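Please have the sequence and the structure at hand while reading.

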Amino acid sequence: MGYLLLMLSLGLFLSCKKSKSDTGQPGDGGNKPIEVDNDLTEITKTIQSGSVVIDKFISDETSTIGDGVTQTQIEFNRKDGLPVKIFILKADMNNPKLSLQAMSAYNDLIWGVQRVSEMARDNQMANTDIVAAINGDVFNTSTGEPTTVFYVNGMARKSITNATLTSSGKVFLAYYKDRSLKIGGKDRTNALRSIDYTQVAQAVGGNNWLVDNGVKTVLTDATIDARTAIGYTSGKIVYALVVDGRKAKYSNGLSLNDTRDILFSLGVVDAINLDGATSSTLAIKNAGANTWSVANSPLSERMVGNGLAFVLNK
């Protein structure tokens, strides 16, 4: 009888004990289970209701990084089951203290390349805080020269002719001196958007229209990769989207169509794609310090030709 009780107790103990793989620890052939967060942020709910990009939601989190500026991180699986992580900056430009600022490498007039987190440090002006920054235009990897229009604090660092804008299909985001936002370049109807260059305070270039005057553009490039894109609503809300990619078990990236659909679901009237792939970077200012950390996880923080900062005036 004693032997039988001992065996029953042992069996009960083994049946109740979790394996290492059950607890999410490395085990013999076990995989860490995906923990699903069912408390969705408003941005995630909006994307889910307005697009089909998120097939299986995993987790999200929204944090305030400055007055009128929030960052939302979303992890999900695409329709093909592959994982993706995206980062969305939401900036309320109705805040009179919030502005956009184009950044050059080392805050210099000479072309060069620099990491976005360091570029934020060198381009921050007196009595301002660069609370976040993203990479900008496609650039010459030898010199750092951007391929499209580039204005810094009202100074034209690079201009290109309307003929070149039309033939190349290049586009750019312009931030006017009156704080309004415009997109320059040939639109989906092949018409060149009118830009008053005398009123441009900041401008950073891109390479694809995503949303044009409230209409999704037709995109044929189905490449999956890391992305950086930006758009704005009629209510002066700017959304910057950074997508991690090229990491199979962490984040595989998105197509241009998926990138477009996310921004469209957020209500942007105009949006463009910026430099992506290994350039895609989001840097956030560390609280209480004059340093910036990379919020996303690129293969490594690449040195890029220019960037765009979200600035709070003190």
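**Arg157 and the spaces in the model**

The side chain of Arg157 comes within 3.0 Å of the backbone oxygen of Asp108. The model is a predicted one.

**Arg157**
- Arg157 is buried but forms no salt bridge.
- The nearest side chain of opposite charge is that of Asp108, at 6.6 Å, a distance beyond the 4 Å cut-off for a salt bridge.
- The backbone oxygen of Leu109 is reached by the side chain of Arg157 at 2.8 Å.

**Cavities**
- Two cavities of 30 Å³ or more are present in the structure.
- The largest cavity holds about 50 Å³ of space.
- Its lining consists of Ala226, Gly245, Arg246, Ala277, Thr278, Ser280, Pro298 and Leu299, which divide into four nonpolar, three polar and one charged.
- The second largest cavity holds about 30 Å³.
- By class, the lining of the second largest cavity has four nonpolar, three polar and two charged residues.

**Second largest pocket**
- The second largest pocket has a volume of about 190 Å³.
- Among the residues that line the pocket are Lys186, Asp187, Arg188, Trp209 and Leu219.
- Three nonpolar, four polar and three charged residues make up the lining of this pocket.

How values were computed. Residues numbered from 1 in each chain as written. Predicted model: local features only at pLDDT ≥ 70, side-chain atom pairs only at ≥ 80, totals over all residues. Heavy atoms only, no water. 1 Å grid on protein atoms, 1.4 Å probe; cavity = no way out; pocket = protein on both sides within 12 Å on 5 of 7 lines; lining within 4 Å. Points joined across faces, edges and corners; volume = space filled by probe spheres on them. Nonpolar A, V, L, I, M, F, W, Y, C, P; charged D, E, K, R; others polar. Buried < 20%, exposed > 50% of the residue type's maximum accessible area, 1.4 Å probe, protein only. Lys, Arg positive; Asp, Glu negative; His and termini not counted. Polar contact = N/O pair within 3.5 Å; in protein donor to acceptor, adjacent residues only side chain to side chain.
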